[in-house]
Amino acid sequence: MGDFNLALVIVAVVVCIIVFIFNVYLLVNYQHPDDANQAYFPKFVVVLGLSVAAISILMLPADVANRQACQHAIYNGACNLTLPMKDLWLAIYILDAVLVFFIIPFAMFYYEGDQDKTVGKRITSALLWVGTTAIVCGLVLGILYGLIGKVDFTVMHLSSSTTSFPNSWDFSSSQPCISGARQCSAYSASASSEKTWTMRTTFPEYVVALATIVGSVLFAIFGGVGIACLPLGLIFSFIRRPKAVITRSQYIKEATELGKKAKELKKAADSLHQEERSGSKGRKWRKNVKAVEKEVLRLEEDVKLLEEMYPQGEKAETSWAMTVLGYLAKLVLGILGLIVSVAWVAHIVIYLLISPPLSPFLNEVFIKLDSVWGLLGTVAFAFFCFYLLLAVIAGAMMLGLRLVFVTIHPMKWGATLMNSFLFNVGLILLCSISVIQFCSTAFAYYAQATAAQEIFGHTLESLRGIRYLYKYNVFQIAFVALAGLTFVYYAAFGWRRKKPSGRFQLSS
C-alpha cells in the first residue's frame, strides 16, 4: 500500500508539471501579437487559472485512486497514510473562488485601464473596483453564513428496549430479534421516527457550496447546449465543408464582396470611435459596438472559408489536402463525441432522474475497467469528466455569439487578447466546480467513500435553502432539456450552409 501511495504522489506531481507546461504552450500560441513581451501579470493569472481548472478536474479521479490505496488495508490507521484529499479539495476550491471573484477581475480592470494613465493609477483604479466587490461579497457571504449557513440532515431516530442476555442465539429472517420477540423497535422503525439533525457547516465549505450554485446555473445552460453542439458541430462542419476548389474568377468575385464588407465595417468602427471621443456612449452606441463585433467575427469566418476553397501559394495542393484531412478528422471526432454525449445523457436519465435508478450504467463500466487494469477505470472516469468540461466551453462559445447580453470574448489562435483570455478562464474556473459536483453525483456509486462525496454529496445537498435544487434534480433536468433542444436545433438547421452576410449599417 505504501508503494501505491508513493506512486500516486509521483503521478500527481508529474501531471501538475505537464498541465503547467501545456497551459504555457496555449498562452504563447493563442496570445495576440500586441500582448507579446508585456501584460505579464494577466498572463500569470491565465496560466494559474487554467492549471487550477485542469487540476481540479483531475482531482476527482485522484480521489478515487486515493481511496483504493487503503481499501484492502489490514490495520485501522492505513488511510491516515494516504493523501489528505479533503484538505486539498477545500484548498483548490477556495483558490478557485478567489481567482474568479477577485484576482481575475483585478487583472481585467488593470489590463483594460486607460493606457495613458501611469501604472500606479491603473493599479489603484483596479483595486478600488475589486475592493468594492470584495466588501459586497464579504458582507453577503457573512450574512448568509450567519443566517442560513447550516446543513439539515434527515436521520432516523432508532431505539430498542433492553432484555436479558440469552442462553442461545436463534436468528432468521422471520426471527430478527432476541428472546422470541417478533419485532423490535430498531428493526421496524416507523416513518415518524425520521428527524432532522442540524449542524453548522464550516465557512470554507459554505463558500465552495455557494460558488457551486453559481457555477451550476451556468453549467446547466452551457453544459446542456455544449453536450450536443460539441459533437454535432464537428459533424455538420464536415457536411457543410467545401467540396472542391473554386475557380480564380469565383475567388476574385467573392474577395471583392468581402473587401467591400470590410470597408463598411471600418467606416462604422471609425464612426463609433468618434462618438466615443465625443462622450456620447449611450445605449445605442453599445448596441452598435456589439453589432460591429459580431459582423467582424462573421467576416473573419467568411475569409477563412474563402481561403479554404481557394488555396494559394507554392503548396496549394498540400494545403487543400490538409483541409480535406482536417474535415475528415472532424467527422471522426464528431462521431466519437456523439457516442460519449449520448452515453452522458443516457446515464443522467437512467441513474439520476429515474428513482430508483434503473442501472448504475457507467459506474459499472468504470468498475469493470478497474478490474481489467488498476487505473483503466480511473482514466476513463477522468476522460468523461474532462469531456463534460469541454462541452461547457463549447456551449459558452456557441451561446456567446448569439445572446445579446453576453460579452463576446472569442478565443483565436494567435489573436486572443488578454481580457478575452481572462474572461474565458474565469468562466472555465466557475464551471469547473460544478463539473466536479455533477460528476461526483452522476458517478456516486463509483466515487463512493471519497472526500469529494463528503463535500459535494452530503454537505452541499443538505445545505439549508438550496438543498431542494438538488433534491428535485433541477440542474439535471435543465441540462437534459437543453441538450434535447440543441439536438433538435441541429437536426433542423445544422445541415444548412451559412449565407454570406449582406451590407452592414449602424442602427440610427
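This is a predicted model: local features need pLDDT of at least 70, side-chain atom pairs count only at pLDDT 80 or more; totals for chains, interfaces and linings use all residues.
Local features require pLDDT of at least 70 and side-chain atom pairs count only at pLDDT 80 or more, whereas totals for chains, interfaces and linings use all residues. Residues are numbered from 1 along each chain as its sequence is written, and side-chain values use heavy atoms, with hydrogens and water left out.

Helices are DSSP runs (H or I, at least four residues) numbered from the N terminus, and strands are E runs of at least two. Axes are lines fitted to C-alpha atoms, for helices over the stretch in contact, and angles between N-to-C directions run from 0 to 180 degrees. Angles under 35 degrees count as roughly parallel, over 145 as roughly antiparallel, 65 to 115 as roughly perpendicular and the rest as oblique.

Helix α5 (residues 203–239) packs against helix α14 (residues 474–493) at an angle of about 25 degrees, with the axes 9 Å apart. The two helices α5 and α14 are therefore roughly parallel to each other. Their contact comprises 18 nonpolar, 5 polar and no charged residues (nonpolar: Ala, Val, Leu, Ile, Met, Phe, Trp, Tyr, Cys and Pro; charged: Asp, Glu, Lys and Arg; polar: the others, Gly among them).

The axes of α5 and helix α4 (residues 119–148) come within 11 Å and cross at roughly 110 degrees. This makes α4 roughly perpendicular to α5, and their crossing is right-handed. For helix α3 (residues 85–111) and helix α11 (residues 418–442), the axes come within 10 Å and cross at roughly 160 degrees. Helix α3 is thus roughly antiparallel to α11, and passes α11 in a left-handed crossing.

The whole structure contains 2 salt bridges (a side-chain nitrogen of Lys or Arg within 4 Å of a carboxyl oxygen of Asp or Glu). Lysine 261 lies in helix α6 (residues 248–278) and glutamate 295 in helix α7 (residues 283–309), so the pair links distant parts of the chain, 34 residues apart.

The loop between α8 (316–353) and α9 (362–372) contains proline 356, which is joined to serine 355 by a cis peptide bond with omega of about -5 degrees. Phenylalanine 361 is found in the loop between α8 and α9; its phi is near 55 degrees, a positive value in a residue other than glycine.

Conventions: A crossing is left-handed if the near helix is turned anticlockwise from the far one by less than a right angle, and right-handed if clockwise.
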